[in-house]
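Here are my notes on this one, in the order I would read them with the model open. Have a look first, and then we can go through the points together.

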Amino acid sequence: MLETIWFALWGILWAVYFALDGFDLGIGTLAPFVARSESEKRIVYNSMGPYWNGNEVWLITAGGVTFAAFPKTYAVMFSSLYSALLLILFCLIVRGVAMEFRSRFSSGAWRKFWDSLLWIGNFGPALLFGVAFANLFRGILIDRAGIYQGTLFSLLNPYGLMGGILFTLIFIVHGSLWLAVKSAGDLKERAGRVAGRLWFALAAAAVVFLGATYISTHLYDNYLIVPVLFVIPLAAVAALVGMLLFIRQAKWLKAWFSSALFIITVTLFGVGGMYPNLLISSIDSRFNLTAFNSSSSPLTLKIMLAVALIFVPIVIAYQIWVYRFFAMNFNGGEAAAGKSAPKMKTA
Amino acid sequence: MDTLMLSRLQFAAATFFHFLFVPLTLGLSVLLAIMETTYVRTGNEEYRNMARFWGKIFLINFAIGVVTGITLEFQFGTNWSRYSEYVGDIFGSLLAIEATVAFFLESTFIAVWAFGWKRLSPKAHAVAIWLVALSSNLSAFWILIANAWMQHPVGFVIRNGRAELDDLLAVITQPFAWYTIVHTLSAAYILTGFFLMGVSAWHLLRKQHVSFFKKSFRLAVSFALIFTIVEVVQGHMHGGEVAKIQPTKLAAMESLWETKKSAPQYLFLIPDPDNERNAVEFGAIPGALSMLAFHDFSAEVKGLKAFAPSERPPVTFTFISFRAMVVLGFYFLVVAIIGWIRRNTIEDHPALLKVFLFSIPLPYLAAEFGWMLAEVGRQPWVVYGMMKTSNAVSAIAGSQVAISFAAFVLVYTFLGIVAYYLMWSHARKGPADEAALSGEADEEVGYA
């Protein structure tokens, strides 16, 4: 039971990470194509500035929880995905530094340099997280001893690449909606237009990916056994449709929330389909690492559950407070999130 | 080179680099909180300007600390998978608790603080930086508990072929963990004090912003003095604890080969590990090592030869790290005392100011030597007495690690240069004047 609870929490942490940091990854990927003037670039940076660090901690927590609750999975997964994971980490390093340091350089060449780092630092993880998760759904070449028999390039199979494309599209749409919330004027319009157009590409990619998933993975098995679970993919479909409706009405914040719900349900759909497996071996299913054969001791799981139940709600509470605190766009325009947002004194 | 050596080098490079930025975050967050609180209580604008000026340096420094921290957590899985699998039940939990309890708070409120100069009342703004100070130090607390567990594992049982948690309280409350915490935090506060004193000295030598930097200096020198005293006293007790629980580290840091009763302390010696002796020994103080380690002039101290060569740490490394750290520690004490005595007329002592200016890098060195002693001195164990480092490494191709190691060196070197360039160019600019300040946009102090 404890193992199952932790499996669910594990999936939720990833889902929340993607829903939050996803907009940073998307905006960074999109930035060179929508932000033209220096002031527009500034808005782009400021739309992520106060949030990216807090968002990234969800990734650190997802990693930490894998380590604490499923140490064997943590060991095998992270060493197997060595190159992909380190690439992601280097990307996250340079995008963080670009975010923090760009404004401290006044020369155009330096700023361009940071802009390119921002792009690669967000696009890289957007793509690679997709490739990695698609491969986790499909299974990777893990042998009996938990040693990876493939290379970085074995991850770049067609299904993995499809996952990469899907994730990238998801994040770009997610990011463009956030940017539409946080900006004004031309930039807002451009961001909204990107979201509206890419929605169709996203929907198409999602349908193709779901089809390929049926062929390449066993993700549907759990849903066929317990049909009530189909409520998760149905919620994803509803969120996707809702997103389009809100985009049409130019209700950007609502569209963003639909997108966040879409990301969460898509992640949970994948993770739920894997249950009880955390790491599937494509060599032999007997080598799979599951919530049961790779978990920590019951004592550790209990203690960590207590910590999570006390502190995660606190974290969520103050992060919501901070989002509301900054819930006005930085460079003019209307307040974005609700009437109770604190007033900003104009600088 | 093999996967093991490359992984060790990579982890060492990543931690050493990370720790170039962590101490200043730990100490400066506290000093910023003190400055802002003083501003709230006295209404003296100069303290607010101090928080803004030092706060900018703080943010540059903080950014590098944050981005280089994640790779450390993930490297346990990528490079040390057998370690992770064996001790994850305990060690992994401590890291997860750190992220949940402390790092979220720190990362969230640093943004509130950085972007909140105009949006928050001075009081609320001071609360934000107190939360950052509290959480960053709390973060260090959990990480150091995890490290102390590697130095001296307690509260576990070996079950199901791995170390499982048996008593979390024992892990958190073991004396060695608390020695490590006090020692490392004091080192961070000393480093911060010397950093502020050094930068202040640069401006005071040029007779610019005298009131501003004198105030900064006085705050920093008191801070540094308190914690150099704590460090020297505590360092002695810390050594005693090492003697008790890590005899091989003690023998290596003193380069003591033969087991001896009333072991002497040498003022100067050169280890000769190949021949299992010291090439030069000079200035013996009889019984001093026994006294320092066990508070008894006649106590027996185990020499390196009492342990199989495969169980000994690299002697020269350990020995030099220890000596250098201790010498620097006493240097900080002496200089801090002199600075404190002269604190009210500090601008009239150019020679002393120069000493402070050139002392900026020294606490960084001392901190890195301290970690070298702690980590290299623990070898060949990754968890002392429980698991050898050679058994902890992942079964991955060396070529992969060679590439990532090269990438670490390149990226980190670049980051280091950029960060210190930014910090230095900001530090020499000095505080912005009032007119510029009031016109300054929020973002100027914030991130982007």
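**Notes on chain B and its neighbour**

1. In chain B, 17 residues of domain 1 are in contact with 14 residues of domain 2; contact means that the C-beta atoms of two residues, placed from the backbone, lie within 7 Å. Helix H8 (210–245), helix H9 (247–254) and helix H11 (315–341) of chain B each supply at least two residues of the domain 1 side. H8(B) gives the most to that side, with four residues. By class, the domain 1 side has six nonpolar, seven polar and four charged residues. Here Ala, Val, Leu, Ile, Met, Phe, Trp, Tyr, Cys and Pro count as nonpolar, Asp, Glu, Lys and Arg as charged, and the others, Gly among them, as polar.

2. Before going further, please keep in mind that this is a predicted model, in which local features need pLDDT of at least 70 and side-chain atom pairs count only at pLDDT 80 or more, while totals for chains, interfaces and linings use all residues. Residues are numbered from 1 along each chain as its sequence is written, and chains are lettered from A and ligands numbered from 1 in the order in which they are written.

3. Where do the domain bounds of chain B fall? Domain 1 covers 3–259 + 302–445 and domain 2 covers 260–301, bounds that come from an automatic or database domain assignment. The C-alpha centres of the two domains of chain B lie 30 Å apart.

4. Chain B has 16 helices and eight strands (DSSP runs numbered from the N terminus: H or I of at least four residues for helices, E of at least two for strands). Its radius of gyration is 23 Å, close to the 22 Å from the globule rule for 448 residues, so chain B is as compact as a globular protein of that length. That radius is taken over C-alpha atoms, and the rule is 2.2 Å times the number of residues to the power 0.38.

5. Helix H5 of chain B (residues 122–151) has 30 residues and reaches 43 Å from its first C-alpha to its last, close to the 44 Å expected at 1.5 Å a residue (1.5 Å times one less than its number of residues). Of those 30 residues, 23 are buried, that is, with 20 or more other C-beta atoms within 10 Å of their own.

6. Finally, the partner chain: 59 residues of chain A are in contact with 54 residues of chain B. The chain A side has 38 nonpolar, 15 polar and six charged residues.

Technical notes:
Buried ≥ 20, exposed ≤ 12 C-beta atoms within 10 Å, placed from the backbone.
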